[in-house]
Amino acid sequence: MSYLKFEKATMTNLQAALQKELLRTNRSGAYSCSTLVDCNTRKYHGLLVTPVPEIDDENHVLLSSLDCSVVQHGVEFNLGLHKYQGNTYSPNGHKYIREFNCDVVPTTLYRVGGVILKKELIFQHHEDRILLRYTLVDGPSQTILRFRPFLAFRSVNDLSHENGVASREYQEVENGISTCMYEGYPNLFLQISKKNEFIFIPDWYRGIEYPKELERGYAFQEDLYVPGYFELTIKKGESIVVAASTTKSKPSTLKKLFDDEVEHRPVRDNFYHTLICSARQFFVNKPSGDYILAGYPWFKCRARDTFISLPGLTLAVEEVENFEKYMDTAGKALNDFLIGKPLQHEIAEIEMPDVPLWAVWALQQYARKVGREKCYEKYGNLLNTVISAIENGKHPNLYLETDSLLKINGAERAMTWMNSSVYGRPVVPRSGYVVEINALWYNALKFAANMAEKRGNAQAIEHYEALAEKVRESFQSIFVNESGYLWDYVDNGVANVEVRPNMIFAVALEYSPLDKEQQKSVVDFCTRELLTTKGLRSLTPKSGAYNPMYIGTQNQRDWAYHQGTVWPWLGCFYMESVLKIYKRSRLSFIQRQMVGFEEEMYYHAIGTMPELFDGNPPFSGRGGSAFAMNVAALLRMSKLLESYTL
């Protein structure tokens, strides 16, 4: 039985089908994304969306969609679907879908009268090339296929409109055409494995709408250019492959290329294997280095996300070499930043104050996997650089106080992962002593002491242990309160009393500045006030600032972003804490928590995890379609649970 399979009833129900997205990526940062019924609902959707570094550092929609039509006895049945004004959908190709499954490659089965047509999609790993294989499973008479490409040639942040500047020129290439609408863009090659006829009938399809952009308060209508259509005959049992690429294809090799790509695709036959497949979508390899994208469709590589995600995306799936590969790029970028060298890597937000501390946490996970000796041999210099830079005041956003705790200035600019701003001001102005930063600081010092112990460096051990003890004492004095939870931040002696999930890190980290009773109290407080089936809320519902619904305009969503929304990656640190405190007595409870995440494989971007969820039932998924920190955290939890059941 297929794991990710959807029957006719779901696929022909637009209300259900339009909420399910399909995401495929490659290692250049390009992607293909739409709904399961091929109706684009976001401006970020497209069949071929690629970086165009000659223009900017954004992705660009080259090929928005490709409508396929089945022609029988001179009658055309268009399998495409687009939304137009007035809640009009055309040409309603979804009504011909009989099933969809995604166990290996996305496969859609259409039935038009006696014709049964199978469509399979694959994104080539190391080329910006999307491949679509169509197989005529059954057909009572001669069948003709027509393919209409909808072209955009625009940034994912813009929309296309009919204009006189767009070039209508095209060049014939083997079994297809190449075209480019605007100067600066690469040519788009549209080729088919079988000889065909291209009929040039240029036109603009006007007023196509993207309802997700309407919901988000953005412009939502655009016009797409269709240069004409390709036409060919297909016999029963025959397969043809359509390729859309930024480089020329050799049509005679397309079928083999498709088969070769399929061979390297793992099967999504359960929750864990599906998460592994999702994890690999975040890896990007560029000439400047190897990166982890924070998510899709609009995220870039961000330093904090990289270090938090890296252990789950690699070590949790036994890919130590991949950890080293991506850490080498991120670690060098962090090292260069801390010693004042010009940055040579495309990693955003490297200057955020918690980034070096999360880097140490990532190294800690590596050391647990391969041993502390190997970890120090490979990353000892980076560890020393991080600790030294903080102690010597070399980090521009971290201040080591006389009580040995770290302070940040986050009043004017958001400096932690709770980074939303409205009108240029942080929604949650976390400044001064911040709870997770100081928990991470204590953990980093204890880890550094342990590494020094492995090397027999008595002087370093004494220094780190003494400093860590001062941090522990000050942490207890500053953050612990009589109510049983931890202050989220304390600025100029004034504690922020809101109950937030960041205190959970003081328990989940390997070295905690809290005693066992305090750790238990924090876990129990999170359970009572913050826990949902999708993770921890970013703010307790008891707060007057609680704003759990991540909907509306950009400002409305920014106000809600960390004011009650639910984040799965936080939930995984919570589950880790529960097992740390309660051991096997809470194992079944944690297993039930994981079930709440597994059901999300069938919603949003299927087979992956969205950025966040509403804080109130039914806990709808929101934000980015796929989020690296969430996928990584779930993989770490899956691995941890496995250790309890072996």
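## The largest pocket

A pocket is an open set of grid points with protein on both sides within 12 Å along at least five of seven lines, and its lining residues are those with an atom within 4 Å of a point. The model shown here is predicted.

The volume of the largest pocket is about 830 Å³. Its lining has 34 residues, and Asp57, Glu58, Asn59, Lys286 and Lys300 are the closest to the centre. Two elements, β4 and β20 (283-286), each give two or more residues to this lining. Of the elements, β20 gives the most, with 3 residues. By class, the lining of the largest pocket consists of 16 nonpolar, 7 polar and 11 charged residues.

## The second largest pocket

The second largest pocket holds about 550 Å³ of space. There are 19 residues in its lining, and those nearest the centre are Gln365, Arg368, Glu576, Arg636 and Leu640.

Three helices, α8 (355-370), α15 (568-582) and α17 (628-645), each supply at least two residues of this lining. The largest share comes from α17, which provides 6 residues. The lining of the second largest pocket divides into 10 nonpolar, 2 polar and 7 charged residues.

## Cavities

How many cavities of 30 Å³ or more does the structure hold? There are 4 of them. The largest cavity contains about 320 Å³ of space. It is lined by 28 residues, and Ser34, Asp38, Leu47, Lys119 and Leu121 lie nearest the centre. Strands that each supply at least two lining residues are β2 (20-25), β3 (31-35), β4 (46-51), β5 (59-72), β10 (107-112), β11 (115-123) and β12 (129-138). Which of the elements gives the most to this lining? That is β5, with 5 residues. The lining of the largest cavity is made up of 14 nonpolar, 10 polar and 4 charged residues.

The second largest cavity has about 90 Å³ of space. The residues that line it are Arg302, Arg304, Asp305, Trp417, Asn419, Tyr561, His562, Trp567, Trp569, Glu611, Phe627 and Met629. Sorted by class, this lining has 6 nonpolar, 2 polar and 4 charged residues.

## Helices α6 and α7

Helix α6 covers residues 303-313 and helix α7 covers residues 320-338; their axes come within 10 Å and cross at roughly 160 degrees. Because angles over 145 degrees count as roughly antiparallel, α6 is roughly antiparallel to α7. The crossing of the two helices is left-handed.

On the α6 side, the contact is made by Thr306, Phe307, Leu310 and Pro311. On the α7 side, Phe323, Tyr326, Met327, Ala330, Gly331 and Leu334 take part. The residues of this contact comprise 8 nonpolar, 2 polar and no charged.

## Helices α10 and α11

Which way do α10 and α11 run relative to each other, roughly parallel or roughly antiparallel? The axes of α10 (residues 435-455) and α11 (residues 458-479) come within 9 Å and cross at roughly 160 degrees. The two helices are therefore roughly antiparallel to each other. The crossing of α10 and α11 is left-handed.

From α10, the residues in contact are Val435, Asn438, Ala439, Trp441, Tyr442, Leu445, Lys446, Ala448, Ala449, Ala452 and Glu453. They meet Ala460, Ile461, Tyr464, Glu465, Leu467, Ala468, Val471, Arg472, Phe475 and Phe479 of α11. By class, the contact of α10 with α11 has 16 nonpolar, 1 polar and 4 charged residues.

## Backbone details

Where does Pro91 lie? Pro91 is in the loop between β8 (88-90) and β9 (97-101). The peptide bond from Ser90 to Pro91 is cis, with omega near 5 degrees. Asn92 also lies in the loop between β8 and β9. Although Asn92 is not a glycine, its phi is positive, at about 65 degrees.

Another cis peptide bond joins Tyr296 and Pro297, with omega of about 5 degrees. Pro297 is found in the loop between β22 (295-296) and α6.

Definitions and conventions:
Residues numbered from 1 in each chain as written. Predicted model: local features only at pLDDT ≥ 70, side-chain atom pairs only at ≥ 80, totals over all residues. Heavy atoms only, no water. 1 Å grid on protein atoms, 1.4 Å probe; cavity = no way out; pocket = protein on both sides within 12 Å on 5 of 7 lines; lining within 4 Å. Points joined across faces, edges and corners; volume = space filled by probe spheres on them. Helix = DSSP H or I, 4+ residues; strand = E, 2+ residues; numbered from the N terminus. Nonpolar A, V, L, I, M, F, W, Y, C, P; charged D, E, K, R; others polar. Axes fitted to C-alpha atoms, helices over the stretch in contact; angles between N-to-C directions. Parallel < 35°, antiparallel > 145°, perpendicular 65-115°, else oblique. Left-handed = near helix turned anticlockwise from the far one by under 90°. Contact = heavy atoms within 4.5 Å.
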